[in-house]
Amino acid sequence: VFFPKICFLPNSNIYIYLVPNSNNMVKSYSLTKQEQIVLQEIDQENPDIISQQFLKHIIKSKDGRTKVLYNLAKKGKIIRLKKNNYILAGSDLMKTATKLNYGYLCLDSALRVHNLIDYEIFTIFVATDKIRKNYSVGQYELRYIPFKKDFYGFKEQNGYLTSTLEKTIYDCFVNSKYISYPIIFKALMQLNNKIFNWDYFIDI
């Protein structure tokens, strides 16, 4: 197993970031001094979204910020979400998704937060007021669905902005074109170990 390594080049301000390529050969990426400063700032500030605005106090020119963000993404240090918006590699996409466009986790994404399903999800659903957008992020997809009048019934849980347990089940039935009934019924079977307010569910 190859573990990435960072090596310093003597008498320079350049680090070499070593990663394996598809042919199991070692490929090197240099990190410039400016890129190192940006990564240190990201590590210290821990922003939800790495944007042009975030880098303004470090790099004055827009072209300079664009270049650094592009190069860091190319070197695998950050991941592009959409134009001029990135996250640190390894970030939790389910937490990021509700901050990229304001909304709450819903459908099977919310079922995952409530521990009603145990499989990994590759499509992250976010309920919004009016926004409808799709973003591909590596092997994952972020899907924003406008719930309009049904945009309510959410809270922060375990660090995620997600629909309440009762609203999650309601949203699944109302938006069943995005989630299969077998998944919904399997989740319902897990409610025995949960505190579920049936009166509130009926009144939704």
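The following conversation concerns a predicted model.

Biologist: What should I know before reading the model, and where does numbering start?
Modeller: Residues are numbered from 1 along each chain as its sequence is written, and in this predicted model local features need pLDDT of at least 70, while side-chain atom pairs count only at pLDDT 80 or more and totals for chains, interfaces and linings use all residues. Side-chain values use heavy atoms, with hydrogens and water left out.

Biologist: In what order do the strands of the open sheet stand?
Modeller: The order is β4-β6-β5, 3 strands with antiparallel pairing. Strands (E, at least two residues) and helices (H or I, at least four) are DSSP runs numbered from the N terminus, and two strands pair if DSSP finds at least two bridges between them.

Biologist: Why is one side of β4 and of β5 left without a neighbour in the sheet?
Modeller: β4 (50–51) and β5 (78–82) stand at the edges and each has a single partner strand, so one side of each lacks a neighbour.

Biologist: How many bridges hold β4 to β6, and which residue is opposite I50?
Modeller: β4 pairs with β6 (residues 85–88) over 2 bridges, and Y86 in β6 stands opposite I50.

Biologist: Changing topic, how do α6 and α7 pack?
Modeller: Helix α6 (residues 165–174) and helix α7 (residues 181–189) pack at about 160°, with axes 10 Å apart. That makes α6 roughly antiparallel to α7, a term for angles over 145 degrees. Axes are lines fitted to C-alpha atoms, for helices over the stretch in contact, and angles run from 0 to 180 degrees between N-to-C directions.

Biologist: Which residues meet there?
Modeller: I169, C172 and F173 in α6 meet Y181, I184, F185 and L188 in α7; contact means heavy atoms within 4.5 Å. By class, this contact has 7 nonpolar, no polar and no charged residues. Ala, Val, Leu, Ile, Met, Phe, Trp, Tyr, Cys and Pro count as nonpolar, Asp, Glu, Lys and Arg as charged, and the others, Gly among them, as polar.

Biologist: And I117, buried or exposed?
Modeller: I117 is buried, with a relative accessible area of 6%; buried means under 20% (1.4 Å probe, protein chains only). I117 is in the loop between α5 (107–113) and β8 (123–128).

Biologist: Which residues does I117 touch?
Modeller: Not counting residues up to four places away in sequence, I117 touches D108, L111, R112 and I183. I117 and K186 are 69 residues apart in sequence but 7.9 Å apart in space, C-alpha to C-alpha.

Technical notes:
Angles under 35 degrees count as roughly parallel, over 145 as roughly antiparallel, 65 to 115 as roughly perpendicular and the rest as oblique. Buried means under 20% relative accessible area, exposed over 50%, partly exposed in between (1.4 Å probe, protein chains only).
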